[in-house]
Amino acid sequence: MDLVRHLRYFIVVAEELHFGNAAIRLGMAQPPLSQRIKRLEEELGVRLFDRSARQVRLTEPGRLLLSEAREIVGRVDRLHELARQGGRGTVLRVGVPPDLAATVLAALVAAFRESSPEVRLAPAEVWTADQVTALAEGTIDVGLVRHPVAAPGLTFGQVLVQAQGVLLAESDPLAGVGEVHLADLAGRELLMPPKEGEPGWRAEVLTECRRQGFVPAQVHEGAGLGLVLAGAAVAFGPRMELPGLAWRPLLGSPITSRVSTAWRAATPAVGDFSAAAARTLKESAGMTDEGAAPVRRVSRRPGMLA
Amino acid sequence: MSTPAFDQLFRAAGVTGWLYAADVDTGHDVGHGADEPMPTASMFKVPLLVALCRRADAGLLDLTERVTVTAADRVGGPTGLSSMLDDVTISLRDLAYLMIALSDNTAADKLLGRVGFEAINTMLDTFGLEGTRVVQGSGEMLGSMDVDTGHAWPFVDPDDIARLSVLDPSRTNRSTPREMVRLFGMIWRDEAASPESCAWMRGVLNMQVWPHRMASGFPYDDVAVSGKTGTMPTLRCETGVVEYPDGGRYAVSVFTRSFSTALNQPRADAVIGTAARMAVDHLRR
């Protein structure tokens, strides 16, 4: 059997959890799809789906095999991609944070294509900590990382900063005020990028929140803004407009995001990307050169030490 | 009757809290971590006040004696003589008033120089308050924070807070909610010193200026709240006596440590009043 093709069918059915919909996506009829899944199950010797009760569900072995299947299919695709290029031009493998705005990534790709048309950009969405690992292992050539980050052997490009605002559900009472103080967020839960992915930024942000009177009862992890839309959490981020969400600046700019490119081996392509990234982030993401951090004033009131 | 849900109340205000309250006359009481050793911050000024009065009662000093406070006496602080610029000549009892009503650090250390640690701690032993100790003056406490953190005020970094010895009851002035309440009960029952001295101490404690903590829980013209606060980064406390129009008197001590290191936390101040009110309501049922 063509194992890779069968794995592709398996992945689509696992994503749809509906044989009819999966068949439509694959451009085939449902009976042959069902048959092929059955054949794959025979080949592997496990049941991948639980088809009882008019509902398709992944079995436990199915869930375990799904991530492996995705990796195998991804590697095969990459093999074909490299073969297609046949050595013409080079590929620059770039890591970018998964929460980078789509428009910013698009601008980045466009700017790099303009400055280095002979190099093909292969971006992958990877959090900072994983980028550091990927750079060390050589699976990416250059990354776009969030500071603070420290790793031996890494060289960083120009650091750009951006004051973050707060994202709230439209129904939040604070959505109606001009600007929000961190302390005003007291009692709310916070959505942040995963701890393993952005340890430095997360620690920095949570310390600043605590210092300014906001100790979130729970810190949720993820890049999707569903919890914010639901009014169950708030998040920090650059100004954005999304239906159902409100963005408000934070009084005193306490939370800033600092990003730069990072690499281990300097190549012309890495240098070009680094320059293009700094330019694009300033132009289309509203980032600025890192200046001296503003000193926060702490007003003195007699009751503070009485 | 079940104990009020103090834990929930404190958590909603972003703090951990310890509390003890007792009817001054019947001893009927309620507690929440009542025997936890806690740093007392500026509340150490109350045992100092009592020891001062006992020395005056014993004829060892005259409270109307006038002393001059100079630049050399001045220690840091946001109120009273600590914030003034010029030398002041003032009686010992007016120094005591400033120390209690405004939590004046300079006034406290000047009086501490006259009374001494030994007299205070011996007195506390006599009272059976072995968990209450006075081992540092205000200037020493403030100075230790600069040494512990390596920098000057403000102290808002969580790492700095973890290093502060003034927040460690084994290295600074200390007590427990129960012992603070017992000390206040003795002042209100004329047991801490002579009846005249106790009456004067009650008057001074009643003139404390801060309305945002214990007093905020009793917003009634016919309820009197007397007390003394204590504040250090993340630590807010107050011990006082609440007197009801029907003659009921209740000594209450509340200590809190906030999760946030922010200096301005009105909710953390107010919960001291709310918790005290809950405790007194419980005792009056």
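**A strand and its partners**

Guide: Take strand S1 of chain B, residues 15–23, in this predicted model. S1(B) is mostly covered, with 7 of its 9 residues buried. Its partners come next. Strand S9 of chain B, residues 249–258, runs antiparallel to S1(B), and 9 bridges join the two. Within that pairing, B:Ala22 stands opposite B:Ala251. Strand S2 of chain B, residues 29–32, also pairs with S1(B); the two run antiparallel and are joined by 4 bridges. Here B:Leu19 faces B:His32 across the pairing. S1(B) and S2(B) form a hairpin, and 5 residues lie between them. In the turn, B:Gly27 has a positive phi of about 85°.

Strand S5 of chain A spans residues 142–147. S5(A) is largely enclosed by the rest of the structure, because 6 of its 6 residues are buried. In a regular strand, side chains alternate between the two faces of the sheet. A:Val142, A:Leu144 and A:Arg146 point one way from S5(A). A:Gly143, A:Val145 and A:His147 point the other way. All of these residues are buried. Strand S3 of chain A, residues 90–96, pairs with S5(A) in the parallel sense over 2 bridges. The bridge partner of A:Gly95 in S5(A) is A:Gly143. Strand S13 of chain A, residues 256–263, runs antiparallel to S5(A), with 6 bridges joining them. There A:Leu144 stands opposite A:Thr261 in S13(A).

Key: Residues are numbered from 1 along each chain as its sequence is written. Chains are lettered from A and ligands numbered from 1 in the order in which they are written. This is a predicted model: local features need pLDDT of at least 70, side-chain atom pairs count only at pLDDT 80 or more; totals for chains, interfaces and linings use all residues. A residue is buried if 20 or more other C-beta atoms lie within 10 Å of its own, exposed if 12 or fewer, and partly exposed in between; C-beta atoms are placed from the backbone. Two strands pair if DSSP finds at least two bridges between them.
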